Amino acid sequence: GGGYGGTYVKCHVIGNTGYHGGGGLGSSDATTALVVENCWIEGNFATNGTYGGGGVLGIASTRIVNCVVTNNTATTAGGGLHAVNGSYTAEKCQIVGNTAGTKGGGASESSLTDCLVAGNSARLYGGGVCGKDSNGSSIASYVQTDCVISNNTIGGTFTSEDKNAPGGAGATFVTLNGGRVTMNLTTIDNE
């Protein structure tokens, strides 16, 4: 993709392709941290299905703050953001208009705080946010304080290889960790 590992501040990451995930940015291995602050990540593509993360792929510790992640695509999971291992947090981000071939159109297997997740889509589940791994096992995906998850969709062509029925256009297999989360204009107080 556009870059692997390190720290990116006030960058535009636009129109890149990652052939094994991380279309825009990614951490290159399980020990290289990735920090992204005040960046615009748009129109990137993760292909070939190894990992996903059209906008940003986190393999190691990943932190994204005050970024716009928009119009990115992954053939598998996490059109906008996807975590493979380690800690993956997004804070005060706009995750809008991303597409995933399987799950987590906006974000997959990630922790979100004060984020807008809107207008994203996935073929199977979690149009906005999904917390399931590639084997269908539930894992930790957290939506924390003051997130808005709105107008996300699921649907598409399903094959006999799809292990689970489609579901959860807004968020699926996700733990709400307190605070206030607004989903499709319905507010959930989870304090």
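How many salt bridges does the count come to by this rule? Three, where a salt bridge is a side-chain nitrogen of Lys or Arg within 4 Å of a carboxyl oxygen of Asp or Glu. We'll get to them on the tour.

A word before you click: this is a predicted model, in which local features need pLDDT of at least 70 and side-chain atom pairs count only at pLDDT 80 or more, while totals for chains, interfaces and linings use all residues. Residues are numbered from 1 along each chain as its sequence is written, and side-chain values use heavy atoms, with hydrogens and water left out.

**Whole chain**

Start with a cartoon of the protein chain. You'll find 28 strands and zero helices; these are DSSP runs numbered from the N terminus, with at least two residues (E) for a strand and at least four (H or I) for a helix. Of the 191 residues, 49% count as buried. Buried means under 20% relative accessible area, exposed over 50%, and partly exposed in between, with a 1.4 Å probe and protein chains only.

**The open sheet**

Next, select β4, β8, β12, β16, β20 and β24: they form an open sheet of six strands in that order, with parallel pairing. Two strands pair if DSSP finds at least two bridges between them. At the edges stand β4 and β24 (153–154), each with a single partner strand, so one side of each is left without a neighbour in the sheet. Zoom in on β16 (residues 99–100) and β20 (residues 121–122), a parallel pair with two bridges. Here T99 stands opposite S121 in β20.

**The core**

Now show side chains for L25, V36, I41, V56, I64, L81 and L112. In the largest nonpolar core, which has 24 residues, these touch the most other members. Such a core is a set of buried Ala, Val, Leu, Ile, Met, Phe, Trp, Tyr and Cys residues joined through side-chain atoms within 4.5 Å. Elements giving two or more residues to this core are β6 (34–37), β13 (81–83), β14 (88–91) and β23 (147–150). Centre on L81: beyond its neighbours within four places in sequence, its contacts (heavy atoms within 4.5 Å) include V56, I64, V69, Y88 and L112.

**The salt bridges**

Pick R63. Its side chain meets that of E37 in a salt bridge at 4.0 Å, N to O. R63 sits in β10 (residues 62–65) and E37 in β6, 26 residues apart. R63 also forms a salt bridge with E91, with the closest N and O atoms 3.4 Å apart. That partner lies in β14, 28 residues from R63. R63 is partly exposed because its relative accessibility is 35%, and E91 is partly exposed at 25%. Shared partners join E37, R63 and E91 into one network.

Then jump to E109 and K103, whose closest N and O atoms are 2.3 Å apart in another salt bridge. Both E109 and K103 are buried.

**The cysteines**

In the whole structure, the search finds zero disulfides.

**Last stop: Y19**

Finish at Y19, in the loop between β4 (17–18) and β5 (25–26). Y19 counts as exposed because its relative accessibility is 51%. Leaving aside neighbours within four places in sequence, Y19 is in contact with T47 and N48.

Note on methods:
A disulfide is a pair of cysteine sulfur atoms within 2.5 Å.
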